[in-house]
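Opening the notebook on a new model today.

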Amino acid sequence: MTPNPQYHNDLPRFVAEEFVDGNFLGLPSVSGDPDIVVLQVPYELTTSYGQGTEQGPAACVAASGQVELFDPVLGQDLPAGYNIHTAPEWDGEGSTLQQQLSGISKYLKKWNNGKIFPVILGGEHGILPAVIESLQNHPDVEGDYSKLTVVQIDAHADLRTQLDGEPFSHACAAARAMDYGLKHLYQVGVRAFSKEEYDRINSDSNISTYFAAEVLTNHNKWREWLDVLRAIEGPIHLTVDIDGLDGSIVPATGTPVPGGLSFWQAVETIEAVFSAPNGRVISMDVNEIVPQEDTPLTQFTAAMLATKGIINHIVARQSGRW
Ligand SMILES: [Mn+2]
């Protein structure tokens, strides 16, 4: 897509129809240690779905050129004095699923030094176990996954044991993350799940699911969700499956589902989790983006949510919570 310069007053950022170096938000390349890094993982489980999620990260970066750099929460234009680096995308190498997932983990790991905030763009939600694997030696986790909380926005519970015989299917992403022995998993927006998943949610005390049907019809339940997020202690990974939002604003995703979160509910969720006084969001991903050229709403929505993550991370830094 062509970035529209009218939304930016800093024209030299753009070269013809392309971004400068394909950077997120069209920001200029920077030298020195990044504060925030945008990582692209164009992963799609080979031979099974072929839905186009491997094009998602690049489309999201391209769409980010349309996102306003100003946000009243910060009171100034991004990058707001911070060093935001867009890294070259994951190379996609590996002839087996396990090799690919371990390659993703390796690609992510080098940024997890506790000083840099990674914003990961997917790709299938099946990247989640590789993301969790990459956090093992993060200074906040210290090899002890019982410290780590995962917050998940998703239409699906992703708690299946396997799907069509594949335990690393995107439909099993949260189950594979739980295999690491997480402290807790919080889910919101869930509205498509199997009996097996429903039973797991009801029986596993380490999983709290705020179903779409509850939070969208009962405002007290929504307030409770936000309060629960603000009460999280310790390191947090935020995983945003774009299909958690209502299908009308993310029509191009692996599995669009009606009855999901509004854009502002997703933003409220992001704000709440980043503002937890005793918690710290150490990384974030936005995934399941299937780009559409004619109506780029999905990748634009994804780019806006990733930007909200960056903004709320900066607020956390400014407040001394990072
Ligand atoms: Mn998912």
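Predicted model: local features only at pLDDT ≥ 70, side-chain atom pairs only at ≥ 80, totals over all residues.

**Entry 1: helix H1**

I listed the buried residues of H1 and got Gly 56, Pro 57, Ala 59, Cys 60, Val 61, Ala 62 and Ala 63. H1 spans residues 56-63, and seven of its eight residues are buried, so the helix is largely enclosed by the rest of the structure.

What do those buried residues pack against? I found strand E3 (36-41), strand E6 (84-86), strand E7 (117-122) and H9.

I then looked at H1 against H9. Their axes come within 8 Å and cross at roughly 75°, which makes H1 roughly perpendicular to H9. On the H1 side I see Gly 56, Ala 59, Cys 60 and Ala 63, and they meet Gln 299, Phe 300, Ala 302, Ala 303 and Ala 306 of H9. By class this contact has seven nonpolar residues, two polar and no charged.

**Entry 2**

Setting aside neighbours within four places in sequence, Ile 104 touches Val 41, Tyr 43, Trp 90, Ile 127 and Ala 130.

How do H8 and H9 pack? Their axes are 9 Å apart, at an angle of about 25°, so I log H8 as roughly parallel to H9. The crossing is right-handed. H8 brings Phe 263, Ala 266, Val 267, Ile 270, Glu 271 and Phe 274 to the contact, while H9 brings Thr 301, Leu 305, Lys 308, Gly 309, Asn 312, His 313, Val 315 and Ala 316. I get eight nonpolar, four polar and two charged residues there.

Next came helix H7 (residues 219-230) and helix H8 (residues 263-274), with axes that come within 7 Å and cross at roughly 30°. That makes H7 roughly parallel to H8, and this crossing is right-handed. Leu 226, Leu 229 and Arg 230 of H7 make the contact with Glu 268, Thr 269, Ala 272 and Val 273 of H8.

Most peptide bonds are trans, and most residues other than glycine have a negative phi.

Which peptide bonds came up cis? Leu 78 to Pro 79 is cis, with omega near 15°, and Pro 79 is in the loop between strand E5 (76-77) and E6. Gly 122 to Gly 123 is also cis, with omega near 20°. Gly 123 sits in the loop between E7 and helix H3 (128-134).

For positive phi I noted Leu 25, near 65°, in the loop between E2 and E3. Leu 25 counts as buried, with 25 C-beta neighbours inside 10 Å. Asp 158 has a positive phi too, about 55°, and is found in the loop between strand E8 (149-153) and helix H4 (173-178).

Is Asp 158 buried or exposed? Buried, because 28 other C-beta atoms lie within 10 Å and the cut-off is 20 or more.

**Entry 3: Asp 33**

Asp 33 lies in the loop between strand E2 (18-19) and E3. Asp 33 is exposed, with 11 other C-beta atoms within 10 Å. From Asp 33 to His 85 I get 8.7 Å between C-alpha atoms, with the two 52 residues apart along the chain.

Key
Residues numbered from 1 in each chain as written. Contact = placed C-beta atoms within 7 Å. Axes fitted to C-alpha atoms, helices over the stretch in contact; angles between N-to-C directions. Helix = DSSP H or I, 4+ residues; strand = E, 2+ residues; numbered from the N terminus. Parallel < 35°, antiparallel > 145°, perpendicular 65-115°, else oblique. Left-handed = near helix turned anticlockwise from the far one by under 90°. Nonpolar A, V, L, I, M, F, W, Y, C, P; charged D, E, K, R; others polar. Buried ≥ 20, exposed ≤ 12 C-beta atoms within 10 Å, placed from the backbone.
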